[in-house]
Amino acid sequence: MVDEVETFREYLKIRSVHPEPDYDGCVNFVKKKACEYGFKTQIFNLDEKRPVLIVTVEGLEPTLPSILLNSHTDVVPVFEDQWNYDPFGAEMDQEGNIYARGSQDMKCVTIAQLEALRRIKFSKTKLKRTVHMTLLPDEEIGSMKGMAKFVHTQIFKNLNVGFDIDEGAPGTDEEFLIFDKERCKWGVLIHCPGTAGHGSLLHENTAGEKLRIVIDNFMDLRESEAKKIQNLLGLGDTTTINLTQLEGGVQNNIVPPEIVVGFDIRVAADGNHEELANWITDVCKKAGEGVYPEYIQKDVKVSPTLLSGENQFWKTMQTTLKTLDLKYFLISCPGATDARYAREVGVPAVGISPFNHTPRRLHDHNECMNKDIFLQGISIYEKLITNVANV
């Protein structure tokens with residue numbers, strides 16, 4: 001008999017953590033399990049460091065557009081001294097809480113999808129559409145060498161995807177969270193060049209003076225956006241700005257020739273990209289001569305997935321959730337997931353992690369998932385996948 005919880009715990013122990021994630025360890029582990037269950041597998045290498053695993057369950061009508069179950073293999077770094085447990089030990093306490101990095105984001109999704117497919121197969125349930133399960137790298141660092149690249153390959157096109165069930169976030173109480181759109185990630189460095197010289201003099205046109213104007217304007221906008229947030233569920237409809245980098249200077253008594261300040265910006269799902277870009281340009285002009293923005297990431301705006309009666313996949317998901325008597329919130333994703341790249345190439349995508357009653361600790365210390373909640377998630381996926389694949 002397959003121990004689904006132990007499979008989950010084993011997978012959590014693989015150190016697929018940045019900056020040197022063990023992608024091969026993850027891919028080989030899931031591939032081995034998938035082969036044991038009798039599924040077809042394929043490994044596609046985006047480059048020498050980034051493998052993509054594709055697990056396929058062929059449907060009765062394989063020419064129909066397929067269903068994609070997408071997840072990622074990487075996890076974010078940890079501050080081990082802030083954890084009560086080994087973050088890669090997958091230790092379980094007396095209440096059944098499993099502590100590990102990736103237990104919520106998103107190794108839980110990967111194994112729950114795999115085990116749901118196993119249950120479907122061994123229950124001898126027939127699926128009309130082919131289901132592909134994909135494991136992608138680099139989601140936690142922007143996906144530029146991961147999903148952003150993968151969706152433009154012939155391998156992806158050959159999957160003939162009609163609908164993507166992607167990652168969501170666990171609900172903290174009875175309700176589940178479902179994402180149909182998400183904010184766009186912008187990373188911008190504002191370069192502030194200026195007059196250099198001895199720190200004892202009052203030079204004109206210094207980098208520091210320009211920097212102050214830039215920071216004041218960005219933080220004023222941050223404050224005005226923060227006032228719009230009523231609760232965490234509305235975060236996806238708000239543009240957030242955070243100062244994340246500050247570079248410049250060689251020693252304390254020398255005025256530097258340039259200071260660079262970096263901001264992490266998450267543009268609201270319905271935000272006006274052109275207006276924001278123009279605002280940033282205007283701030284640079286206001287700051288003074290030579291100040292300019294360098295975008296290290298600038299996601300394009302992608303239309304949300306249409307959730308109406310016209311979308312038969314969503315209609316089936318909705319009916320399934322109601323049949324299971326599950327309550328849910330439909331919200332804009334406050335972060336950024338690989339689903340945005342599927343939507344960009346015309347694939348409708350919905351993000352759902354079928355776990356509730358879970359303290360939300362994605363990217364936080366003591367990230368955990370309760371074993372009973374995890375097992376319930378497998379059952380939910382089993383019903384969702386079966387019904388959506390039979391649309």
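These legends accompany several close-up views of a predicted model.

**View 1. Helices α1 and α2 pack against each other in a right-handed crossing.**
Let's start with the helix pair α1, residues 4-12, and α2, residues 23-36, whose axes come within 10 Å and cross at roughly 160°. Angles over 145 degrees count as roughly antiparallel, and α1 and α2 are therefore roughly antiparallel to each other. On the α1 side, the contact is made by T7, E10 and Y11. Their partners in α2 are C26, F29, V30 and K33. By type, the residues of this α1 and α2 contact divide into four nonpolar, one polar and two charged.

**View 2. A cis peptide bond joins H18 and P19.**
Please check omega here, which is about 15° for the bond between H18 and P19. P19 sits in the loop between α1 and α2, the two helices that cross at roughly 160°.

**View 3. D105 and M106 are also joined by a cis peptide bond.**
For this bond between D105 and M106, omega is about -15°. M106 belongs to the loop between β5 (97-99) and α3 (107-122).

**View 4. H191 is a buried residue of strand β9.**
Strand β9 covers residues 184-193, and H191 lies within it. How buried is H191 in terms of relative accessible area? The value is 9%, and buried means under 20%. The H191 side chain makes a polar contact with the side chain of E294, at 2.7 Å. Setting aside neighbours within four places in sequence, H191 is in contact with E258, I259 and V260, and also with G290, V291, Y292 and E294.

**View 5. V300 sits in a loop and meets residues from elsewhere in the sequence.**
The loop that holds V300 runs between β14 (292-298) and α8 (312-323). V300 is partly exposed, with a relative accessible area of 48%. Which residues does V300 contact, leaving aside its neighbours within four places in sequence? They are C184, H273 and E344. Take C184 as an example: V300 and C184 are 116 residues apart in sequence, yet 7.0 Å apart in space, C-alpha to C-alpha.

**View 6. Helices α8 and α10 make a right-handed crossing.**
Here α8 packs with α10, residues 371-389, at an angle of about 145°, and their axes are 9 Å apart. From α8, the residues F313, T316, M317, T320 and L321 take part. They meet K383, L384, N387 and V388 in α10. The residues of this α8 and α10 contact divide into five nonpolar, three polar and one charged.

**View 7. N160 has a positive phi although it is not a glycine.**
If you like backbone torsions, look at N160, where phi is about 55°. N160 is placed in the loop between α5 (154-158) and β7 (161-166). With 33% relative accessibility, N160 counts as partly exposed.

**View 8. H363 is a residue other than glycine with a positive phi.**
Phi of H363 is near 70°. H363 is found in the loop between β16 (349-352) and β17 (368-370). Is H363 buried, exposed or partly exposed? H363 is partly exposed, with a relative accessible area of 44%.

Note on methods
Residues numbered from 1 in each chain as written. Predicted model: local features only at pLDDT ≥ 70, side-chain atom pairs only at ≥ 80, totals over all residues. Heavy atoms only, no water. Axes fitted to C-alpha atoms, helices over the stretch in contact; angles between N-to-C directions. Helix = DSSP H or I, 4+ residues; strand = E, 2+ residues; numbered from the N terminus. Parallel < 35°, antiparallel > 145°, perpendicular 65-115°, else oblique. Left-handed = near helix turned anticlockwise from the far one by under 90°. Contact = heavy atoms within 4.5 Å. Nonpolar A, V, L, I, M, F, W, Y, C, P; charged D, E, K, R; others polar. Buried < 20%, exposed > 50% of the residue type's maximum accessible area, 1.4 Å probe, protein only. Polar contact = N/O pair within 3.5 Å; in protein donor to acceptor, adjacent residues only side chain to side chain.
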